[in-house]
Amino acid sequence: MSFTAPIQLPGLSLDPQWYRRAVFYEVMVRSFVDSNGDGTGDLGGLISKLDYLQWLGVDALWVPPIFTSPLRDGGYDVADYRSILPEFGTLDEFRELVTKAHERNMRVVIDLPLNHTSDQHEWFQQSRQDPEGPYGDFYVWSDTDEKWPDIRIIFTDTEDSNWAFDPVRRQFFFHRFFSHQPDLNFENPAVHEAVFDVVRFWLDLGVDGFRLDAIPYLYESDEGNGEGEPPTHEFIKALRAMVDKSYPGRVMIAEANQWPREVAAFFGSEEEPECHMAFDFPVMPRIFYALRSQRADELVAVLSETTDIPPGAGWGVFLRNHDELTLEMVSEEYRQAMYGWYAYDPRMRANVGIRRRLAPLLDNARAELELTHALLFSLPGSPFLYYGDEIGMGDNIWLPDRDSSRTPMQWTPDRNAGFSAADPGKLYLPVVQSLVFNYGHVNVESQLAQSRSLLHWVRNVIHVRKAHLVFGLGDIEVLQTDNDSVLAFVRRYQGNDAHGGIHYNDQPETVLCVFSFAHNPVAATITAPGMAGSRLYDLFGGGVFPSFDENGSLTLTMGTQSFYWLHAG
């Protein structure tokens, strides 16, 4: 498979706020390509597919943890922050990945779990064996497991307490996640220095930023709930100040699974900035709710919330990723409805969420796959794709925990889906062989040969989005419609947006985005007084549409689960 990319000078653009317009792609190294036949994906394999990712239109790779780890939590249990798991490759190969990605104008963002380490980390081993030593206070120790009863348990399927007893030190240690992942003690200034050193180490290797895993949970207190405590924000401000001063143009992305106004706190302020980006968790489950309920009101409500964020800050929006589809941000009634629609088999559930990939969630319905992607790419913020979703890959709910949606990427209809030359029994996880999603027909090679495949469709939408600055830099206004199944909003960009020393010499643009979640064709009247008389044409094909009348009213007819992106002039 070869890919012809646009001719351009090698190297990165100089925009320090590149992330506001970027399309991110989450690529799990272990799952992407095995270059040496040992059954596990590696950095060499990822390097070999950079041309594919450039062809697709990806601006930045998000690489989940590749650190040395016992892999009891997919690498989020770090045993050494400064070394790479040998089966993934070497630091020299990582440098090569960064260099070759940059040559293709793609950036590399890595995951950084700061809240906790593996219990195999040298820091923890020293802490448990020598309480009075230099690492004795690196973790949160207690003589009792009854402290902080108001702090909720996150992994409700596997943990019944946030405390675990250590038989060596004869004390309890605190853990917000698995009991093999002790929390670091951020009350200790030495921990701050150690974390800063880790950040500098990877930035010196050329990474373009970090996804700060579980960032709300750094500090605990008797008065709070252990989420977004004031000292946590103070630490992030200090980290941001160091990054901005010594490594301008690199980004910090907050993973904070909370309501938008709470998450917005992790942006900080213009005077005291914190993270450059943060994931928008509440929008995601409401997209799936709208598909089955045929009602857009929940999406209208969450998108209508005004959340003030500092200039230059940006949201990260997504449909699926390596974790379960979390249902923490919804009511119990809402959650049970989602389980009934999308996780009717208990094996499909994990913690407070659903452990399935995008295409199986949507019963492989092409209209729904197109509708959800079109919504994703038109929302405020930068879209994050999950590897394999561009071809509609399936999952395997018979695998444990969250491995169901972390199976090998499907490249060809050949053995092991072209992922590896190893004996099939040596693969870290089996390739998907289900009837609907079998790698024999769901793979990159076959979809490259079909001009109307999902892969070509997703690529086309990415490139249309990238051609219009309004999607990355514009604001949003949710519009009133007379149909409960229809969501309509306007994205507006004022043009000539000067920020961060970069001046975009471009024109103002307004785009009307309309989405129907109805399971049959509908008509909807959209009201937008500010758009009276605006003429409309389709962004994809250039077709002319009816104009808004003098009262700012427009009636559109929409097919089953369809959408429009209409330029307004």
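**Notebook: salt bridges and positive phi**

I looked up Asp197 and noted it as partly exposed, because its relative accessibility is 33%; buried means under 20% relative accessible area, exposed over 50%, and partly exposed in between (1.4 Å probe, protein chains only). The model is predicted: local features need pLDDT of at least 70, side-chain atom pairs count only at pLDDT 80 or more, and totals for chains, interfaces and linings use all residues. Residues are numbered from 1 along each chain as its sequence is written, and side-chain values use heavy atoms, with hydrogens and water left out.

**Entry 1: pairs within a helix**

I found the side chain of Asp197 in a salt bridge with that of Arg200, at 3.0 Å from N to O. I take a salt bridge as a side-chain nitrogen of Lys or Arg within 4 Å of a carboxyl oxygen of Asp or Glu. Both residues sit in helix H6 (residues 189-204), 3 residues apart, about one turn of the helix. Helices (H or I, at least four residues) and strands (E, at least two) are DSSP runs, numbered from the N terminus. Arg200 has 28% relative accessibility and so counts as partly exposed.

I then checked Asp244 and Arg240, whose side chains form a salt bridge at 2.6 Å, N to O. Helix H7 (residues 230-246) holds both, 4 residues apart, about one turn of the helix. Asp244 is partly exposed because its relative accessibility is 31%, whereas Arg240, at 12%, counts as buried.

**Entry 2: a pair across the chain**

I noted a salt bridge between the side chains of Asp363 and Arg292, at 3.9 Å, N to O. This pair links distant parts of the chain, 71 residues apart: Asp363 is in the loop between H12 and H13, and Arg292 is in helix H9 (residues 283-293). Asp363 counts as exposed at 56% relative accessibility, while Arg292 counts as buried at 17%.

I also traced one network, in which salt bridges with shared partners join Asp73, Asp323, Glu324, Asp401, Arg402 and Arg406. For the whole structure I recorded 30 salt bridges.

**Entry 3: positive phi**

Most residues other than glycine have a negative phi. I listed Asn364, not a glycine, with a positive phi of about 60 degrees. Asn364 lies in the loop between helix H12 (358-361) and helix H13 (366-378), and its 33% relative accessibility makes it partly exposed.

I listed Gln561 as well, with a positive phi near 45 degrees. Gln561 is in the loop between strand S25 (553-558) and strand S26 (563-568). I marked Gln561 as buried because its relative accessibility is 9%.
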